[in-house]
Amino acid sequence: MKGSIVMARVASGKEVLEQAKTLLVNARTIEELKQAQAVVLPLELGLSMEQTATAIGTSIGWACQLRRRLIRNGGMRDTTRPTRGGRRRQNLSREEEVTFLAPFIEKASAGGILIMSEIKQALDARLKRKTSLAATYSLLHRHGWRKLAPDKRHPKADVLTQDEWKKNFKIPSQELTRSGKQKDSCA
């Protein structure tokens, strides 16, 4: 064994090499490009899977998986597999959201104001569970609504205490003019 040369396995996939080359040029996604590269680089340039994985920016295992997938599909794109994206955790479909918001939008178009607490309570009742306020804001945002005016006052504000303070607060300059004397601040 001392002078023997260990040969790497010959890369499979020669039957889909031409389709892979075509896919290199016509790839629509990064994954398709990497799949084609995972087939073409070992067969055309004689790269090992480790070198191929480094060249396409993946792990060796993922490069092998991309390669096998393309070979299994005969060099064609895998159009049957669903892609990521979309609303996977939606509370209501788009159409249901439109019908849910219809009474609120009618009220707003007649000059009314959209009150978030009312919409949130209606949404909680519709879903039969509690939702976050952010979910309600997101619902309105998806349908083109946004907060236009700030709240008039803080929800925890005590109006009576504020009115009392306004009545009894004395401005220092008013205090000076009423007495007619100026107080000595350095005394």
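**Entry 1: terms and ground rules**

I start with a definition: buried means under 20% relative accessible area, exposed means over 50%, and partly exposed lies in between, with a 1.4 Å probe and protein chains only. With that in hand I looked up Lys120 and found it buried. Asp124 is buried as well.

I noted that this is a predicted model, where local features need pLDDT of at least 70, side-chain atom pairs count only at pLDDT 80 or more, and totals for chains, interfaces and linings use all residues. Residues are numbered from 1 along each chain as its sequence is written, and side-chain values use heavy atoms, with hydrogens and water left out.

**Entry 2: the chain as a whole**

I looked up the helices and strands, which are DSSP runs numbered from the N terminus (helices: H or I, at least four residues; strands: E, at least two). The chain has nine helices and zero strands.

Next I checked pLDDT, the predictor's confidence in each residue, from 0 to 100. Its mean over the chain is 81, and 79% of the residues reach 70 or more. Where is confidence lowest, and where is it highest? Helix α9 (residues 172-179) is lowest, at a mean of 61. Helix α6 is highest, at 94.

I also noted that 22% of the 187 residues are buried. The chain exposes about 14800 Å², an area that comes from the Shrake-Rupley method with a 1.4 Å probe; for residues, only the protein chains shown count as cover. Carbon and sulfur atoms supply 56% of that area.

Then I turned to contacts (heavy atoms within 4.5 Å). Of those with a separation of 6 or more, 47% join residues 24 or more positions apart.

**Entry 3: salt bridges**

A salt bridge here is a side-chain nitrogen of Lys or Arg within 4 Å of a carboxyl oxygen of Asp or Glu. How many does the structure hold? I found six.

I went to Arg69 and Glu31. Their closest N and O atoms are 2.6 Å apart, and they form a salt bridge. Arg69 sits in helix α4 (residues 60-72) and Glu31 in helix α2 (residues 30-45), so this pair ties together parts that are 38 residues apart in sequence. Arg69 counts as buried, at 10% relative accessibility. Glu31 counts as partly exposed, at 29%.

Glu97 and Arg142 came next. They form a salt bridge too, with the closest N and O atoms 2.8 Å apart. Glu97 is in helix α5 (residues 94-109) and Arg142 is in helix α7 (residues 133-142), so the link joins distant parts of the chain, 45 residues apart. Is Glu97 buried or exposed? Glu97 is buried, with a relative accessible area of 2%. Arg142 is partly exposed, at 33%.

I came back to Lys120 and Asp124. Their side chains meet in a salt bridge, 2.9 Å from N to O. Both residues lie in helix α6 (residues 116-127), four residues apart, about one turn of the helix.

Last, I noted a network of salt bridges that links Glu18, Lys21 and Glu44.

**Entry 4: Gln35**

I looked for Gln35 and found it in helix α2. Gln35 is buried, with a relative accessible area of 4%. Which residues does Gln35 touch, not counting those up to four places away in sequence? I listed Leu66, Arg69 and Leu70.

I also checked Gln35 against Ile71. They are 36 residues apart in sequence and 9.3 Å apart in space, C-alpha to C-alpha.
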